[in-house]
Amino acid sequence: MSKRCEMELRLEGVGKKVGAQQWLYALDLDVRPGAVTVLLGATQAGKTSLMRVMAGLDVPTSGRVLVDGVNVVGVPVRERNVAMVYQQFINYPSMTVFDNIASPLKLRRDKNIAQRVSALAEKLHIEMFLDRYPAELSGGQQQRVALARALAKGAPLMLLDEPLVNLDYKLREELRDELTALFDAGDSTVIYATTEPGEALLLGGYTAVLDAGELLQYGPTSEVFHAPCSIRVARAFSDPPMNLLGARRTASGVQLDQGPLLDMALPSAAQSTGALTIGMRASALRTAAQPGDVALPGRVELAEISGTDTFVHFQTALGELVAQLTGVHHFDLGAPVTFYFKPAQVFAFDAQGLLLQAPVRGKGP
């Protein structure tokens with residue numbers, strides 16, 4: 001089924017300064033209509049500030065916010081067709097779940113309100129709570145109500161500011177899957193803020209990486225993940241953090257500082273000479289050697305299980321590194337261990353921290 005006419009949102013030179021603090025540096029962002037755009041970045045990266053400008057809750061210090069080509073800076077939020085979901089389960093406490101979800105439909109004087117509320121409640125698995133009040137629900141159930149009300153509004157722009165951050169792990173997984181399906185079936189342009197790289201990958205669509213108020217990169221999520229334009233983007237889009245190793249270019253490859261020589265053919269551009277940084281995602285390290293592998297011997301500093309993965313921190317001559325192994329594995333603290341990786345699976349960044357070369361696709365995680 002084809003989507004109806006989608007809203008076009010474009011930011012031109014948008015910046016935000018509060019007092020002496022620059023919360024957002026002037027940025028341009030042409031949001032993909034009808035798709036999910038994830039704002040990815042650590043706390044205080046500028047995600048909420050950018051969302052508030054998009055919603056009309058705040059006026060930018062500089063720049064324009066264009067909706068379908070019209071500058072809406074200064075247009076109050078009540079005059080914009082925007083739905084926003086926060087991390088704090090905002091619902092009307094004196095209304096039942098049914099009336100909370102129905103409220104935007106009643107404001108528009110829509111028909112078949114009961115049928116539409118029931119359909120949304122079923123999609124979010126809260127149909128059994130329609131006669132209850134928000135205070136009678138768990139946090140996860142309250143957030144489902146807030147999401148249902150936002151979906152009921154049918155706004156062409158939906159903003160979600162870390163909507164799952166206050167939920168437990170299992171609830172986050174369930175709601176994330178449901179939201180992905182709901183977004184795919186809807187007509188809205190969705191902006192979704194998160195600090196979690198894994199959440200960006202699961203939601204797909206497009207990702208805008210923010211750091212300290214700067215927009216670093218925007219594009220299809222898979223492209224930003226597999227080809228981060230800089231070390232700053234790679235750091236933001238790696239969980240656990242990317243292993244970063246000092247290196248230098250030689251006639252026969254790339255020499256790691258205090259480490260082995262990597263058989264790598266880097267671009268011959270002049271800026272690729274001199275000092276380098278090699279980036280290695282934790283998932284690129286393995287305990288079983290394969291032909292062409294490079295070995296990294298060390299000692300186990302910490303081993304922890306999270307979900308279905310085991311994370312191993314180990315001390316090497318290059319410093320402390322972290323490996324991510326699928327499944328549950330046992331390691332004795334202080335025990336010798338050797339991890340292996342392929343040179344084709346690493347990133348190379350120049351002296352300014354800009355990407356020189358990304359891993360060969362199809363030959364690594």
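**A guided reading of the predicted model**

Pro 240 is found in the loop that runs between helix 8 (231–236) and strand 11 (243–250). The peptide bond leading from Asp 239 into Pro 240 is cis, and its omega is near 5 degrees.

Gln 44 lies in the loop between strand 3 (36–40) and helix 1 (47–55). Although Gln 44 is not a glycine, it has a positive phi of about 70 degrees. With a relative accessible area of 77%, Gln 44 counts as exposed, because the cut-off for that class is over 50%. Gln 258 lies in the loop between strand 12 (253–256) and strand 13 (261–262). Its phi is near 60 degrees, again a positive value in a residue other than glycine. Gln 258 is likewise exposed, with a relative accessible area of 68%.

The secondary structure of the protein chain comes to eight helices and 20 strands. Taken along the principal axes, the C-alpha atoms fill a box of roughly 70 × 45 × 45 Å. The chain has 365 residues, and buried residues make up 47% of them. Its accessible surface comes to about 17600 Å², of which 51% belongs to carbon and sulfur atoms. Among the contacts with a separation of 6 or more, 64% are accounted for by residues 24 or more positions apart.

The interior is considered next. In soluble globular proteins, nonpolar side chains tend to be buried together. The largest nonpolar core in this model has 44 residues, and those with the most contacts inside it are Ile 101, Ile 126, Leu 160 and Phe 183. Helix 4 supplies the largest share of this core, namely six residues. Apart from this core lies another, of 27 residues, which includes Leu 285, Val 294, Leu 296 and Phe 331. The surroundings of Ile 126 can be followed individually: leaving aside neighbours within four places in sequence, Ile 126 is in contact with Ile 101, Ala 121, Gln 141, Arg 144, Val 145 and Ala 148.

Helix 4 also takes part in a helix pair. Two packed helices are described by the angle between their axes and the distance between the axes. Helix 4 (residues 139–153) packs against helix 5 (residues 169–185) at an angle of about 10 degrees, and their axes are 11 Å apart. Angles under 35 degrees count as roughly parallel, and therefore helix 4 is roughly parallel to helix 5. On the side of helix 4, the contact is made by Gly 140, Arg 144, Leu 147 and Leu 151; on the side of helix 5, by Leu 171, Glu 174, Leu 175, Glu 178, Leu 179 and Leu 182. By class, the contact has six nonpolar, one polar and three charged residues.

A last residue leads away from this pair. Pro 297 and Gly 140 are 157 residues apart in sequence, and their C-alpha atoms are 44 Å apart in space. Pro 297 is found in strand 15 (residues 294–306). Is this proline buried or exposed? Pro 297 is exposed, its relative accessible area being 52%. Neighbours within four places in sequence left aside, Pro 297 is in contact with Gln 315, Thr 316, Val 337 and Thr 338.

How values were computed:
Residues numbered from 1 in each chain as written. Predicted model: local features only at pLDDT ≥ 70, side-chain atom pairs only at ≥ 80, totals over all residues. Heavy atoms only, no water. Axes fitted to C-alpha atoms, helices over the stretch in contact; angles between N-to-C directions. Helix = DSSP H or I, 4+ residues; strand = E, 2+ residues; numbered from the N terminus. Parallel < 35°, antiparallel > 145°, perpendicular 65-115°, else oblique. Contact = heavy atoms within 4.5 Å. Nonpolar A, V, L, I, M, F, W, Y, C, P; charged D, E, K, R; others polar. Core = buried A, V, L, I, M, F, W, Y, C linked by side-chain atoms within 4.5 Å. Buried < 20%, exposed > 50% of the residue type's maximum accessible area, 1.4 Å probe, protein only. Areas by Shrake-Rupley, 256 points an atom, 1.4 Å probe, with all protein chains shown as cover.
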